[in-house]
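Here are my notes for your first reading of this entry. Keep the viewer open and find each residue as you go.

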Amino acid sequence: MSGSTIMPMMSPETPDAIRQRLFALLNGQGAALYGGERVTQLEHALQSAAIAEASGERPAMILASLLHDVGHFFEAEFEQALSSTFDTRHEHMGSRYLSRWLDSEVTEPIRLHVEAKRYLCAVHPDYLTTLSQASIHSLAVQGGPMGAEEIAIFESRPFSSEAVRLRQYDDQAKIVGMKSPDLAHFLSLIR
Ligand code: FE
């Protein structure tokens with residue numbers, strides 16, 4: 001399997017149906033939402049995937065980068081959720097939603113990408129200074145930097161290094177005016 005098989009065997013939907021569903025989600029709600037950043041969620045998703053691709057990642061990680069924030073789209077009041085003091089755990093909602101169709105090599109980095117931020121803040125203190133205001137706000141709601149025990153547990157998990165890489169693409173993907181390949185380009189990785 002040349003690094004291109006993304007779907008688990010038991011999925012009842014065709015790759016084409018899944019691509020259409022995700023296209024509608026990202027292109028609809030994603031194009032309308034900002035969430036405290038200067039780019040829309042669709043732009044943020046495309047930039048994350050483009051940066052992952054340019055970094056030489058395999059298809060699963062490019063898709064994980066594209067889809068890492070879809071959990072936000074299921075929050076009733078997304079903009080408020082991001083500025084609130086309540087953590088909606090969007091990483092769990094997103095990975096659970098996608099796991100109906102996609103393998104753990106896509107869904108696990110997504111599920112762990114918020115913990116990866118807490119991890120990076122703990123092991124690389126300079127990392128905190130690179131975060132956007134919205135990210136710093138959500139960090140506090142998400143529990144702040146990890147403690148020593150949490151660091152050890154995180155490092156022992158499968159896909160934790162992928163989650164850290166995804167996090168780094170995520171953090172960069174907030175560039176106003178950046179040109180990225182389109183949604184169809186990245187969704188074609190689902191086959
Ligand atoms: Fe993100």
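Predicted model: local features only at pLDDT ≥ 70, side-chain atom pairs only at ≥ 80, totals over all residues.

The points below run from the overall fold to single residues.

1. Read every distance and angle below as computed from it.

2. **Overall fold.** The protein chain holds eleven helices and zero strands. The chain has 191 residues, and 50% of them count as buried. Take the contacts between residues at least 6 apart in sequence: 74% of them join residues at least 24 apart.

3. **The iron site.** Which residues hold the iron ion as protein donors? They are H44 (NE2), H68 (NE2), D69 (OD) and D170 (OD). These donors lie 2.2 to 2.3 Å from the iron ion. Along the sequence their spacing reads H-x23-H-D-x100-D. H44 and H68 link distant parts of the chain, 24 residues apart. H44 belongs to helix α2 (residues 41–54), while H68 sits in the loop between α3 (59–67) and α4 (78–83).

4. **Geometry at the iron.** Why is the arrangement called irregular? The four donor atoms subtend angles of 75 to 169 degrees, and that range makes it irregular. A tetrahedral label would need all angles between 85 and 135 degrees. For reference, the ideal angle for four tetrahedral donors is 109.5 degrees.

5. Are H44 and H68 buried or exposed? H44 has a relative accessible area of 5%, so it is buried. H68 is buried as well, with a relative accessible area of 1%. The cut-off for buried is under 20%.

6. H113 is in helix α7 (residues 113–123). Its relative accessible area is 1%, so H113 is buried. Leaving aside neighbours within four places in sequence, H113 is in contact with H68, D69 and D170, among others. A polar atom of the H113 side chain lies 2.7 Å from the backbone oxygen of I110.

7. **Helix α2.** This helix has 14 residues. From first C-alpha to last it reaches 20 Å, close to the 20 Å expected at 1.5 Å a residue. Eleven of the 14 residues are buried, so α2 is largely enclosed by the rest of the structure. Among the buried ones are Q41, L42, H44, L46, S48 and I51. Just after α2, G56 takes a positive phi of about 85 degrees.

8. **S48 inside α2.** S48 is found in helix α2. It is buried, with a relative accessible area of 0%. The S48 side chain reaches the backbone oxygen of H44 at 2.8 Å. Not counting residues up to four places away in sequence, S48 touches S65, H68, Y169, D170 and A173. The C-alpha atoms of S48 and I62 are 8.0 Å from each other, with the two residues 14 apart along the chain.

9. **The nonpolar cores.** The largest nonpolar core has 35 residues. Which members touch the most other members? They are L22, L26, L66, L67 and L98. The elements giving two or more residues to this core include α1 (15–32), α2, α3 and α5 (90–98). Apart from this core lies another, of 13 residues, among them L112, Y119, Y127 and M146. In soluble globular proteins, nonpolar side chains tend to be buried together.

10. **L66 up close.** Not counting residues up to four places away in sequence, L66 touches L26, A45, L46, A49, L183, F186 and L187. A45, L46 and A49 are buried residues of α2.

11. **Two loop residues to check.** F159 has a positive phi of about 75 degrees although it is not a glycine. It lies in the loop between α9 (148–156) and α10. F159 is partly exposed, with a relative accessible area of 23%. E75 is found in the loop between α3 and α4. E75 is buried, at a relative accessible area of 9%. The C-alpha atoms of E75 and T88 are separated by 7.7 Å, and the residues are 13 apart along the chain.

Notes
Residues numbered from 1 in each chain as written. Heavy atoms only, no water. Donors = N, O, S within 2.8 Å, 3.2 Å for Na, K, Ca; no water. Tetrahedral: all angles 85-135°; square planar, octahedral: opposite > 155°, others 65-115°. Helix = DSSP H or I, 4+ residues; strand = E, 2+ residues; numbered from the N terminus. Buried < 20%, exposed > 50% of the residue type's maximum accessible area, 1.4 Å probe, protein only. Polar contact = N/O pair within 3.5 Å; in protein donor to acceptor, adjacent residues only side chain to side chain. Contact = heavy atoms within 4.5 Å. Expected span 1.5 Å × (residues − 1). Core = buried A, V, L, I, M, F, W, Y, C linked by side-chain atoms within 4.5 Å.
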